[in-house]
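The exercises below ask you to work from residue lists and contacts towards a picture of helix packing. Please keep the structure open while you follow each solution.

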Amino acid sequence: MTESFLLKPISVVAPIFTAIGNRNWEEFERLEADFVNQYGVEAWEYEFNFRIKPALDKDSDRWLLIKWCEIGRASCRERV
């Protein structure tokens, strides 16, 4: 496993959960972009798919899916 996939500081990850919990799409996108700029797309995909998404409650997971569908985005790679 490369260094970019190591655990990230809680100060980086916690605001992502807060943005999702507050249903703040703009903040989530900003934090996602910051994460990708700092650690790379592959690190974001790993962090999101294996650490963030599994920890979401059903309503938050559904909200996030709906937001992605509304804008027609399949992944963060489309932003890079």
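**Exercise 1.** In this predicted model, identify the buried residues of helix H3 and find how they are arranged around the helix axis.

*Solution.* Begin with the list: across residues 41-52, which make up helix H3, the buried residues are Val41, Ala43, Trp44, Glu47, Phe48 and Ile52. Next, look down the axis of H3, where these buried residues fall within an arc of 160 degrees, so they line one face of the helix. As background, an α-helix has 3.6 residues a turn, so residues three or four places apart point the same way. Finally, ask what the buried residues of H3 pack against: their partners are helix H1 (10-21), helix H2 (25-39) and helix H4 (58-71).

**Exercise 2.** Decide whether Ala19 is buried or exposed, and name the residues that it touches beyond four places away in sequence.

*Solution.* First place the residue, which lies in helix H1. The relative accessible area of Ala19 is 3%, and because buried means under 20%, Ala19 is buried. Leaving out residues up to four places away in sequence, Ala19 touches Asn24, Glu27, Phe28, Leu31 and Trp63.

Methods. Residues are numbered from 1 along each chain as its sequence is written. This is a predicted model: local features need pLDDT of at least 70, side-chain atom pairs count only at pLDDT 80 or more; totals for chains, interfaces and linings use all residues. Side-chain values use heavy atoms; hydrogens and water are left out. Buried means under 20% relative accessible area, exposed over 50%, partly exposed in between (1.4 Å probe, protein chains only). Helices (H or I, at least four residues) and strands (E, at least two) are DSSP runs, numbered from the N terminus. The arc is that of the directions from the helix axis to the C-beta atoms. Contact means heavy atoms within 4.5 Å.
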